[in-house]
Amino acid sequence: MRKKSVHMTKSEVRQEIRRRKAACSAEERALLSRQVTAKLVATPQWQQAHTVLLYHSLPDEVATHDLISEALATGKRVLLPVVVGDDLELRDYHAPGDLREGTFHIMEPTGEPFTDYAAIDLAVIPGVAFTQDGRRLGRGRGYYDRLLTHITDNYKVGLCWPFQLVGDIPTEPHDYPMDEVISLDPQS
């Protein structure tokens, strides 16, 4: 199945991943999310990070709500993105009461903007699909592509379910690779 993606367009890859997600139950995705986030938490990058950029997951993304709580419980500074116009603005997150529903029905923090990008020890980035070597395909609006121009020297991790791993993703100059992609073996 992976070999088919070698010559797919970005749109075709997105369609294929939508099909794969639909074939996986919510319960299976929840279990896979717990396994993927546990794998992230076990990394030295996570354990040594003081300031982490996370995302408040949507139902079709690796679930990060427990990961966010765990980060706070272990004393990490948690940053979450907020959609502002055509860009993502980062804000500190302290507690569930800090969230409000924002653009695209994403829960977003209401705190002050954070712009000390160099202070981010670990950036955890969502995506529609990833390759093992770190190429990422987003939803197509470029929000994370624009944000990643500010965090080029920070350690970036893509989180994904095994069925979001593909053999190839067409890339363009504005597509920033991840330093690591954390998932599970597609055969597991």
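Helix H1 (10-22), E2, strand E9 (136-137) and helix H5 (143-148) each supply at least two residues of the lining of the largest pocket, where helices (H or I, at least four residues) and strands (E, at least two) are DSSP runs numbered from the N terminus. The model is predicted, with local features needing pLDDT of at least 70 and side-chain atom pairs counting only at pLDDT 80 or more, while totals for chains, interfaces and linings use all residues. Residues are numbered from 1 along each chain as its sequence is written, and side-chain values use heavy atoms, with hydrogens and water left out.

**Pockets**

- A pocket is an open set of points on a 1 Å grid over the protein atoms alone, where a 1.4 Å probe fits and protein lies on both sides within 12 Å along at least five of seven lines; lining residues have an atom within 4 Å of a point.
- The largest pocket has a volume of about 530 Å³, and of the 30 residues lining this pocket, Arg136, Gly138, Arg139, Tyr143 and Tyr144 are the closest to its centre.
- The second largest pocket holds about 350 Å³ of space, and its 19 lining residues include Ser33, Ala63, Thr64, His65 and Asp66, which lie nearest its centre.
- H2 and H4 are the elements that give two or more residues to the lining of the second largest pocket, and H2 gives the most, with eight residues.

**Helix H4**

- H4 is followed by glycine 75, which has a positive phi, near 85 degrees.

**Nonpolar cores**

- A nonpolar core is a set of buried Ala, Val, Leu, Ile, Met, Phe, Trp, Tyr and Cys residues joined through side-chain atoms within 4.5 Å.
- The largest nonpolar core has 46 residues, of which Leu40, Trp46, Leu53, Leu54, Ile120 and Leu159 touch the most other members.
- A second, separate core of eight residues includes Val13, Ile17, Ala129 and Ile169.

Notes: Buried means under 20% relative accessible area, exposed over 50%, partly exposed in between (1.4 Å probe, protein chains only). Grid points are joined across faces, edges and corners, and a volume is the space filled by probe spheres set on the points.
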